Amino acid sequence: MGRLYEATWGRGFAAIYDRLLASTEEAGLRDDRRELLAQASGVTLELGAGTGLNLDLYPEAVTELVLTEPAEHMAKRLRERVAGEGRAAEVVQTPAERLPFPDDRFDTAVATLVLCTVDDPEATLAEVTRVLKPGGRFLFLEHVRAQDPRVARWQDRLERPWKFVGAGCHCNRDTPATLERSPLDVQRLERGELPKSPPITRPLASGVAAAP
Ligand SMILES: C[S@@+](CC[C@H](N)C(=O)[O-])C[C@H]1O[C@@H](n2cnc3c(N)ncnc32)[C@H](O)[C@@H]1O
């Protein structure tokens, strides 16, 4: 999205993001996040960390935490949350498609509700593969294209207006298919629903993929 968008709605979206998600978190998303992140260990990277809703859910097995986030106003809130919670984490303002880290740097990479919004999911997964150690794990939890063709048609129809209100979110991405095509080895993929969310963002996929 452009600079004007980021300075206006990007700022507003960051300000209300936690409140927008509050009922969804309470209805189950927070438990899903906790279950996913319990599998994180070692040197861990999070992509598009937003306001930092995952921050207090990382287990002690995570020895170093690097949070990336490209959007200025999200990154500002992320830094504030890191400082407020006193959790040691480095915040790096960067898009997931161009990670400023050397090859094989991380044991774990995490994406929650991010592959819907990155500009280029294929390039993002290539970067994840590059920065993960061989055998390193990618933990994902994403709202995805519906398997029900009627819902998928509505996702296609509403993609553009949704992208505008959702700060760049594409509601119709077939992320499981993109993962299958990527260099990562998908070891577990479960489908579910994002509770208390509109039908076009309700279909959920979460799981684990390993770097070759
Ligand atoms: C729906 S929010 C999810 C935030 C957080 N991951 C969570 O689980 O609450 C999508 C996030 O992706 C970020 N984002 C947008 N474009 C991105 C990109 N190219 N690379 C990484 N993150 C991006 C947005 O700024 C926003 O913080």
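**Note on the fold, cores and ligand shell**

1. The buried residues of helix 3 pack against strand 1 (42–46), strand 4, strand 5 and helix 5 (175–181). Those buried residues are Pro121, Thr124, Leu125, Glu127, Val128, Thr129 and Val131. Buried means 20 or more other C-beta atoms within 10 Å of the residue's own; exposed means 12 or fewer, and partly exposed lies in between, with C-beta atoms placed from the backbone. Helices (H or I, at least four residues) and strands (E, at least two) are DSSP runs, numbered from the N terminus.

2. The model is predicted: local features need pLDDT of at least 70, side-chain atom pairs count only at pLDDT 80 or more, and totals for chains, interfaces and linings use all residues. Residues are numbered from 1 along each chain as its sequence is written.

3. The chain has five helices and seven strands. Their order along the sequence is α-β-β-α-β-β-α-β-α-α-β-β. The radius of gyration is 16 Å, close to the 17 Å from the globule rule for 212 residues, so the chain is as compact as a globular protein of that length. That radius is taken over C-alpha atoms, and the rule is 2.2 Å times the number of residues to the power 0.38. The C-alpha trace spans about 40 × 35 × 30 Å along its principal axes. Buried residues make up 39% of the 212 in the chain.

4. The largest nonpolar core holds 41 residues, and Ala109, Val110, Val114 and Phe138 have the most contacts inside it. Such a core is a set of buried Ala, Val, Leu, Ile, Met, Phe, Trp, Tyr and Cys residues joined through C-beta atoms within 7 Å. Helix 1 (3–37), strand 2 (62–68), helix 2 (72–85), strand 4 (106–112), helix 3 (121–131) and strand 5 (132–143) each supply at least two of its residues. Strand 5 gives the most, with five. A second, separate core has five residues, among them Leu29, Val144, Leu194 and Leu204.

5. Valine 110 deserves a look. Beyond its neighbours within four places in sequence, valine 110 is in contact with Leu37, Ala40, Thr44, Leu45, Glu46, Leu47, Asn54 and Leu139. Contact here means C-beta atoms, placed from the backbone, within 7 Å of each other.

6. Nine of the 12 residues of strand 5 are buried, so strand 5 is largely enclosed by the rest of the structure. Strand 5 pairs with strand 4 in the parallel sense over six bridges; pairing requires at least two DSSP bridges between the strands. Phe106 stands opposite Leu132 in strand 5. Strand 5 and strand 7 (residues 203–210) run antiparallel and are joined by seven bridges. There, Phe140 stands opposite Gly207. Strand 6 (residues 185–193) pairs antiparallel with strand 7 over eight bridges, and Glu190 stands opposite Ser206.

7. Aspartate 104 is not a glycine, yet has a positive phi of about 60°. Aspartate 104 sits in the loop between strand 3 (90–92) and strand 4. Aspartate 104 is partly exposed, with 13 other C-beta atoms within 10 Å. Leucine 113, also not a glycine, has a positive phi of about 55°. Leucine 113 lies in the loop between strand 4 and helix 3. Leucine 113 is buried, with 21 other C-beta atoms within 10 Å. Most residues other than glycine have a negative phi.

8. Around the ligand there are 20 residues, of which Gly48, Gly50, Ala71, Pro95 and Ala96 come nearest. The criterion is a C-beta atom, placed from the backbone, within 6 Å of the molecule. The shell has 12 nonpolar, five polar and three charged residues. Ala, Val, Leu, Ile, Met, Phe, Trp, Tyr, Cys and Pro count as nonpolar, Asp, Glu, Lys and Arg as charged, and the others, Gly among them, as polar.

Note on methods:
Two residues are in contact if their C-beta atoms, placed from the backbone, lie within 7 Å.
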